[in-house]
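Subject: Structure handover

Hello,

Here is the structure for you to work with. My notes on it are below.

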Amino acid sequence: MAERTRGPWSVLTRPWAYEALQALLGAERGRRDFAERYLRPRPGDRVLDIGCGTAGLARYLGPVTYVGYEPNAEYVAQGQAENAGSDVALHVGYFDAAAAARHAAFDLVIVSAVLHHMDDGQASELFRLLARVTKPQGRVVTLDNVYVPNQNPIAKFIISMDRGRNVRSPEGYAALTHPHFAACEGTVQHRAWVPYTFWIMECQKPMPDP
Ligand SMILES: C[S@@+](CC[C@H](N)C(=O)[O-])C[C@H]1O[C@@H](n2cnc3c(N)ncnc32)[C@H](O)[C@@H]1O
């Protein structure tokens, strides 16, 4: 199972509960920082957001064309209501081969807090599809929680309670991108409060299907 959806985690499938937890964990500040430091979209960019949730990142990207895919229909409904009037198109569902064939290529692909919800097979297939839809000069930027040596024990505990069952090491995340992107760099970010550890990865040079 790639994701916990039962017991105490089931409430998080509701958008209000998910947003409340995100607010408690300082997500808004985190989203702004992630957009400014790592996403750095240019005006007019075509942006794809995989597992976009309620599209909370869209409001930090400026004037871009934003396409989001999200399997939870309730999240999508909330995201559509919050982004009405913007150049934001949200689709309910997984990003599969049919979805990849539907769109022109993207300058920037975001996979934020999603890879740890996917097993290795699902994530590798996602990177294969992303290599098809990323422009030759485009980028894929991912963000996930991560296990690293000597991390804050509170961060490690909070991360161990995540819905996603596939939290990895930096090397584990990087391995998912091969052989679909020729260049991949990442950084570990420690947040002091609420203690948490992130792995942020940027992939470039999409490769054709092997
Ligand atoms: C922690 S939330 C992150 C939401 C959003 N990307 C953000 O950063 O705010 C994880 C999201 O991934 C979605 N998800 C879970 N499994 C997925 C999969 N296999 N493919 C795409 N999205 C998935 C969930 O429905 C959820 O909205």
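What follows is a summary of the fold, the core, the ligand surroundings and some backbone details. Please keep in mind that this is a predicted model.

Sheet

The model has an open sheet of seven strands, ordered β3-β2-β1-β4-β5-β7-β6, and the pairing is mixed. At the edges are β3 (88–92) and β6 (181–191); each has a single partner strand, so one side of each has no neighbour in the sheet. On average, neighbouring strands are turned by 15° against each other, direction ignored.

Helix α5 packs on this sheet, where it touches β1 (46–50), β4 (106–112), β5 (134–145), β6 and β7 (196–206). The direction of α5 makes about 145° with that of β5.

Strand β2 (residues 65–70) pairs with β3 in the parallel sense, over five bridges. Within that pairing, Y69 stands opposite H91, and G68 stands opposite L90. β2 also pairs with β1, again in the parallel sense and over five bridges. There, Y66 of β2 is the bridge partner of V47. Five of the six residues of β2 are buried, so this strand is largely enclosed by the rest of the structure.

Core

The largest nonpolar core contains 51 residues, and V47, I50, L61, V109 and I110 have the most contacts inside it. Helix α5 (residues 120–133) contributes the most to this core, with six residues. Leaving aside residues up to four places away in sequence, V47 touches P41, L61, V64, T65, Y66, F106, D107, L108 and I110.

Ligand surroundings

There are 17 residues around the ligand, and G51, G53, S112, A113 and H117 come nearest. By class, this shell consists of eight nonpolar, seven polar and two charged residues.

Backbone details to check

Most residues other than glycine have a negative phi, and most peptide bonds are trans. The following places depart from that pattern.

- A113, one of the residues nearest the ligand, has a positive phi near 60°. A113 is found in the loop between β4 and α5. With 20 other C-beta atoms within 10 Å, A113 is buried.
- R40 also has a positive phi, about 40°, although it is not a glycine. R40 is in the loop between α2 (27–39) and β1. R40 counts as exposed because it has 12 other C-beta atoms within 10 Å.
- H178 and P179 are joined by a cis peptide bond, with omega about 0°. P179 is placed in the loop between α7 and β6.
- W193 and V194 are joined by a cis peptide bond as well, with omega about -10°. V194 lies in the loop between β6 and β7.

One further residue

R165 is found in the loop between α6 (153–160) and α7 (170–175). R165 has 13 C-beta neighbours inside 10 Å, so it counts as partly exposed. In sequence, R165 and L143 are 22 residues apart; in space, they are 15 Å apart, C-alpha to C-alpha.

Regards

Definitions and conventions:
Residues numbered from 1 in each chain as written. Predicted model: local features only at pLDDT ≥ 70, side-chain atom pairs only at ≥ 80, totals over all residues. Near = placed C-beta within 6 Å. Nonpolar A, V, L, I, M, F, W, Y, C, P; charged D, E, K, R; others polar. Core = buried A, V, L, I, M, F, W, Y, C linked by C-beta atoms within 7 Å. Helix = DSSP H or I, 4+ residues; strand = E, 2+ residues; numbered from the N terminus. Contact = placed C-beta atoms within 7 Å. Pairing = 2+ DSSP bridges. Axes fitted to C-alpha atoms, helices over the stretch in contact; angles between N-to-C directions.
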